[in-house]
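The model is shown first, and the description follows.

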Amino acid sequence: MTSTAQDLHPAPTLQPGRTILELNGLEKRYPGTHALKPVHLAFKAGEIHAIVGENGAGKSTLIKLLTGVMPRTSGEVIWEGKPAALATPYEAMALGINAVHQEVVLCRHLTVAANMFLGEEESRFGLLQQRAMVKEAQKIIDGLGFDLPAHVVLGDLTIGQQQLIAAARATVRGTKFLIFDEPTAYLTRKEADQLFKLIRRLKGEGVTIIYISHRMEEVFELADRVSVLRDGTLVGTRNIAETDEPELVKLMINRSIEQIYHKEHFTPGATIVETRNLSGKGFENVSVTVRAGEIIGLYGLIGAGRSEFVTTLYGRHKKSAGQIFWQGKEVQVNSEHDAIRLGMALAPESRRDQGLCLNLPVGMNLNLPIYKRISSNLLISGAKEKVEADRQIADLRIKTPTRNALASSLSGGNQQKIVIGKWLAHGAKLFIFDEPTVGVDVGTKAEIYRLFSTLLSKGAGIILISSYLPEVYELADTLHVFRRGKLVATHGFRTASHEDILGQALAEKQEKSGGQK
Amino acid sequence: MSTEAIPAEKPKRNFNALFGLTLLGLLLLMWIVLAFATPSFATALNITNLLRQGSLIAILAVGQTFVIITGGIDLSVGAIVGFTTVIVALLINAGWPIWAAVFVTLLVGVAIGLFHGFGIVKMGLPPFIITLATMTSLRGIGLLMTNGNSISINSDPFQAFSRGSLAGIPYLFWMVILVAVPSYIFLHHTRWGRYLFSVGSNAEAARLSGVNVPRTIYMAYVLSGLLAAFVGVLLASRIGIGNPTQGDTYELQAIASSVIGGTSLFGAIGSVHGPLIGSFILSTINNGANLLNVNTFWQRVITGALIIVIVYFDGLRRRGK
Ligand SMILES: Nc1ncnc2c1ncn2[C@@H]1O[C@H](COP(=O)(O)OP(=O)(O)OP(=O)(O)O)[C@@H](O)[C@H]1O
Ligand SMILES: [Mg+2]
């Protein structure tokens with residue numbers, strides 16, 4: 001198994017410690033944004049180099065320049081001593097540079113194997129060797145220790161699994177220099193562990209790695225060195241042993257945060273919503289109560305049925321059994337429209353597919369749920385529209401040149417802020433946040449959590465879904481653990497240990513669930 | 001190490017095959033019903049006629065499918081058919097040998113396809129727009145060239161081709177096979193076919209993988225143009241004239257055949273056999289309706305309804321998965 005993998009990664013010729021790639025005043029301007037100011041930085045062969053920075057700091061831009069996805073505005077890239085133009089993705093690949101990009105960029109209609117070999121198919125006499133490719137792909141995936149089939153259509157896998165495939169694919173192409181842009185954002189804990197193992201092994205084989213993440217503990221776990229970008233400027237590079245989290249955060253946002261998880265406890269008020277034995281596609285028998293002023297956390301692996309539960313509650317899918325009570329009265333929620341009218345708001349998990357109109361301006365995206373309120377009679381009030389949008393942009397520190405910029409031109413984390421932000425002005429009673437801080441930087445996370453408190457203080461209730469345990473752990477007044485469509489355990493605020501909760505979500509330990517309902 | 005964990009799910013190709021079989025079943029069912037309902041359906045004359053009618057649209061539908069798989073559309077194919085009947089007629093009447101006239105006519109189709117590729121890739125025009133523009137202007141150019149008249153072709157061997165048959169099957173239908181077999185191999189067994197799907201699925205992902213996206217788009221429209229010119233030659237042979245207004249609504253019939261055959265207008269889903277069967281389903285409806293003396297106006301209504309029904313069930317099937 002290991003031998004296969006080694007065949008795939010011929011040992012690079014450079015000794016560790018030598019410079020493999022050097023950025024010489026690398027710069028990128030987009031119309032209206034100076035995304036990357038001239039950067040000077042040298043990567044040592046065989047190191048894991050983390051890059052951190054706020055949303056919109058220019059991390060992904062840097063990666064796009066290195067992989068030939070975007071042309072640079074000026075500056076030089078020196079690869080193994082020689083300048084490299086890196087004008088096309090193909091050129092970067094030929095050098096052995098490849099990246100796992102922030103959003104999964106694969107073809108969901110093709111099979112896993114077809115995706116792995118896209119652009120470099122094996123063929124004989126012009127005919128594709130499909131069987132051979134599936135076998136080969138399976139060998140690579142197995143060799144990496146991922147438990148995934150190579151012959152299925154990619155779209156049938158979860159986002160996290162797709163991300164693993166993207167990683168597997170990149171290891172085939174980026175034989176010398178591999179970049180991971182927030183790879184764990186959509187991964188479950190188990191998948192993330194698999195990925196870390198892979199990254200360490202690649203490092204052992206001499207591959208140089210850039211690792212981008214908003215999760216500080218990952219940076220400290222993996223990296224040898226870390227560089228910080230702020231507003232497109234490289235503000236520092238540190239050896240990991242000589243720095244700590246507060247220092248990095250301070251470099252990133254130019255101020256310090258004393259507390260990321262801002263938690264205020266309110267006395268719970270009246271019950272807002274209650275489900276009794278609610279069942280539907282992907283989950284069964286879920287009973288949950290949300291009262292005013294409290295956060296209900298739903299933890300579990302991706303695919304455990306949490307999203308299905310909330311979207312059913314929200315009327316997108318039909319329930320198959322059970323009841324929903326809204327402020328004490330039984331209600332039928334047959335559509336999203338019903339849900340919104342009752343006073344629910346949902347910020348969905350997949351920002352690209354469900355949460356955003358990428359081709360519309362930021363302002364329009366933000367105002368979409370409240371056009372009714374900012375219209376007088378038939379016409380939209382232009383002034384109100386501007387005021388509302390600008391207020392959201394300022395409140396959430398959405399990094400955009402104007403409210404008229406297209407949502408697609410924002411950095412990943414800033415897009416996420418729109419998905420959240422558009423519901424804040426809506427004035428709902430129940431807010432459902434599905435993975436609200438995926439890809440969001442520490443500073444903004446703290447702000448979003450603060451906004452939660454504001455919502456609670458106004459008498460709203462929150463359902464918070466997260467696959468990132470610390471988040472639900474530190475914020476939820478009641479924490480429900482989901483596993484395979486069932487609610488398997490319930491805890492109060494910080495009453496169980498991380499290990500117990502993880503165990504319940506994974507069912508690795510025997511089912512001795514503390515505090516089961 | 002993970003062989004056990006692989007879901008026992010069969011590859012999607014089997015679903016495609018199943019869908020193909022259902023369509024084929026539908027086609028056969030229609031034939032059986034018609035054979036019992038009318039005395040004239042199951043006659044050799046009518047069957048060869050049906051095959052000839054269906055063949056032209058079938059070839060167009062294959063070209064159209066290549067384009068639709070990339071997420072585009074080619075509205076110009078009907079106009080190309082009409083235009084190329086004129087070209088081939090003029091060349092033959094000018095005394096060119098048939099093979100040379102046909103070859104140059106096919107090149108005209110390629111050139112039109114290249115122009116579409118240029119408009120989409122270089123000028124950034126949406127496929128709908130650039131092919132819509134060609135659709136109207138090609139017919140105009142044809143009318144200018146002919147002053148609005150039909151050109152009768154004075155070559156008997158050229159016209160004889162469309163009437164001939166081999167092993168009891170009309171030459172025109174053999175042409176479908178001549179197109180379909182290489183198209184099938186091209187689409188499902190070569191990397192270029194794979195690139196058509198990848199561009200339709202996620203052009204950015206294809207680009208990042210080193211796929212030459214512009215070239216793939218050129219390829220799709222060139223193939224569509226080429227096949228449309230080929231159909232123009234066959235049609236000219238069949239009717240014995242060159243006339244720029246021929247092939248009216250062929251583009252819509254080709255798109256309809258493709259869609260009935262399971263091609264997704266959103267791109268990335270499609271096959272060769274589906275559109276072929278689709279086109280013969282359409283021509284069977286027309287043929288059967290004629291034999292049953294159904295008002296031709298109703299034929300259009302039936303065709304429209306059928307498109308909705310089939311595509312709806314296809315969508316259900318996909319979602320149900
Ligand atoms: N295609 C584009 N057109 C215009 N501006 C862009 C484009 N892509 C990125 N930007 C801008 O460039 C800046 C840097 O974006 P980049 O994606 O590099 O940020 P990032 O550090 O990766 O952030 P995140 O952590 O949110 O992913 C942002 O202000 C963004 O709005
Ligand atoms: Mg980014």
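## Nonpolar surface patch

Within the nonpolar patch, helix α7 of chain B (residues 171-189) gives the most, with four residues. Helices here are DSSP runs of H or I with at least four residues, strands are runs of E with at least two, and both are numbered from the N terminus.

The patch covers about 380 Å² and is made by A:Leu127, B:Ile177, B:Val181, B:Tyr184 and B:Ile185. B:Tyr184 is found in helix α7 of chain B. Patch residues have over 30% relative accessible area and no salt bridge, and nonpolar side chains (Val, Leu, Ile, Met, Phe, Trp, Tyr) are joined within 5 Å. Accessible areas come from the Shrake-Rupley method with a 1.4 Å probe, and for residues only the protein chains shown count as cover.

## Basis of the model

This is a predicted model, in which local features need pLDDT of at least 70 and side-chain atom pairs count only at pLDDT 80 or more, whereas totals for chains, interfaces and linings use all residues. Residues are numbered from 1 along each chain as its sequence is written, chains are lettered from A in the order in which they are written, and side-chain values use heavy atoms, without hydrogens and water.

## Interface of chains A and B

In chain A, 36 residues are in contact (heavy atoms within 4.5 Å) with 31 residues of chain B. The buried area, meaning the accessible area (1.4 Å probe) lost on putting the two parts together and summed over both, is about 2800 Å², and carbon and sulfur atoms give 58% of this area.

How values were computed: Patch = residues over 30% accessible without salt bridge, like charges linked within 9 Å, V, L, I, M, F, W, Y side chains within 5 Å. Salt bridge = Lys/Arg side-chain N within 4 Å of Asp/Glu carboxyl O.
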